[in-house]
Amino acid sequence: MTVEQFGYKQELDRALTFKDLLVYGMIFMVPIAPFGVFGYVWDGAQGMVALAYLIGMVAMFFTAMSYWSMSRAFPVSGSVYAYAQRGIHPIVGFFAGWLILLDYILVPSLLYIVSAAALAPMLPGVPGWVWLTGFITINSLINLRGISFTAKANNTILLAEIVVLTVFVVLGLIALYSGEGAGELTLTPLYNADKFSLPLVMGAVSIAVLSFLGFDGISTLSEETKGGVDTVGKASLGALLLVGTLFILQTWIAADLAQGMTFTSLDAAFYDTANLAGGNWLKYVTMWSTVISWGIANALVAQAAVSRILFAMARDKQLPKLLAKVHPRLKTPYVSTLAVAAISLLSGLYFNGDIDTLSRLVNFGALMGFLVLHIAVINHYCIRQKSRNFILHLLFPLIGLCIISFVIYEMDWQAKALGLSWLAVGVVYFIVLRVMLKRDVILHTQG
């Protein structure tokens, strides 16, 4: 399929292979993502961190399968926005896009704040806003250069992350079996009968799921991908399973090391376990790895993803048309890229020091978008297309729908209140768009 079949022009550069997409998804999720939020998941799950990540991976597996189904049917930029727009109704698509923007717009800010928090103990004299500005400037310049340049940067950073993670795993296991922490790998990080309760663990999953956000970002690059219609879906699932396995492995080791420890702070929890495993040098290596991985690598691809969603919504006249402008030489949505940079700076300054609230807010937007995605699969395939593939097009979306609904239900009330407030703003904007500006909700048609 080509974008022309859906009423669009091919403006972006089709340069990405399956490998590029796989690396992009892994970088977006960050193989060492638990380094930055381990303490919060530990606290929420009462030590059962590996269980929280396992449940998160299972939930995201069904979501990845729904992304595969919809990216196959509609290989265009826009992710959940495009899939709900075409799979259900244009109005539903608008609100799905609005909700997923809450995730994508705030993710870069969250990444910058986590990185600044990791830098604070090492360079306490440097204000947080300096780091925010520096990270945003670097990532914007790279993204403006073009998607091929971004892909090359991703390859180098991913290799470095894997090396650091391997060092922690090896030294962590050596420390465990030398008598540190629990003294060996135990089942406690997966299940502790004395502390287990489903609401407790699902509350922690609502934080852990932050680490999985990113495989869905692959779908925003559909118009820049070479290969068949299954390329995006295969890369999304592959990235999820690879990185999810690494999440469970590292948090299992860290949770056993942490048994009996008192953390200096929840922000520094993982770095304290790294210090126990390998000494002060490993503590600082993991800190700097978090800074580079979250503040540059992850934020880099997050900015690329959200700029594509803004581009897709703007060309459908759901956002200001200026955001749909593509640079004639670099083939990048440069106005959207710069807009994301400005929003990231403002929201980063506002939420600086409040990682927990911002992470839950980001997750609310993503999970609500995923709910709509599952409904779109059922509506498009089972109701419209009369699909007989009940496992892929009915059972999997229903399971994903139920798991994600429960995670949202168990989320912190403040996150839900803030998320619903964002949705209310979207309703007001939609009314202004339709009533005052007399602008229709457009659906470009095939042919």
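Phe38, setting aside neighbours within four places in sequence, touches Val49, Thr251, Ala254, Ala255, Phe263, Ala269, Phe270 and Thr273, where contact means heavy atoms within 4.5 Å. This is a predicted model, with local features needing pLDDT of at least 70, side-chain atom pairs counting only at pLDDT 80 or more, and totals for chains, interfaces and linings using all residues. Residues are numbered from 1 along each chain as its sequence is written, and side-chain values use heavy atoms, leaving out hydrogens and water.

Phe38 also turns up among the residues with the most contacts inside the largest nonpolar core, which has 163 residues. Such a core is a set of buried Ala, Val, Leu, Ile, Met, Phe, Trp, Tyr and Cys residues joined through side-chain atoms within 4.5 Å; buried means under 20% relative accessible area with a 1.4 Å probe, protein chains only.

Now for a helix pair. Helices here are DSSP runs of H or I, at least four residues.

Finally, Val76 sits in the loop between α3 and α4. Val76 counts as buried because its relative accessibility is 1%. Its contacts beyond four places in sequence include Val3, Phe6, Tyr8 and Arg315. Val76 and Glu4 are 72 residues apart in sequence, yet their C-alpha atoms lie 9.9 Å apart.

Note on methods: Buried < 20%, exposed > 50% of the residue type's maximum accessible area, 1.4 Å probe, protein only. Helix = DSSP H or I, 4+ residues; strand = E, 2+ residues; numbered from the N terminus.
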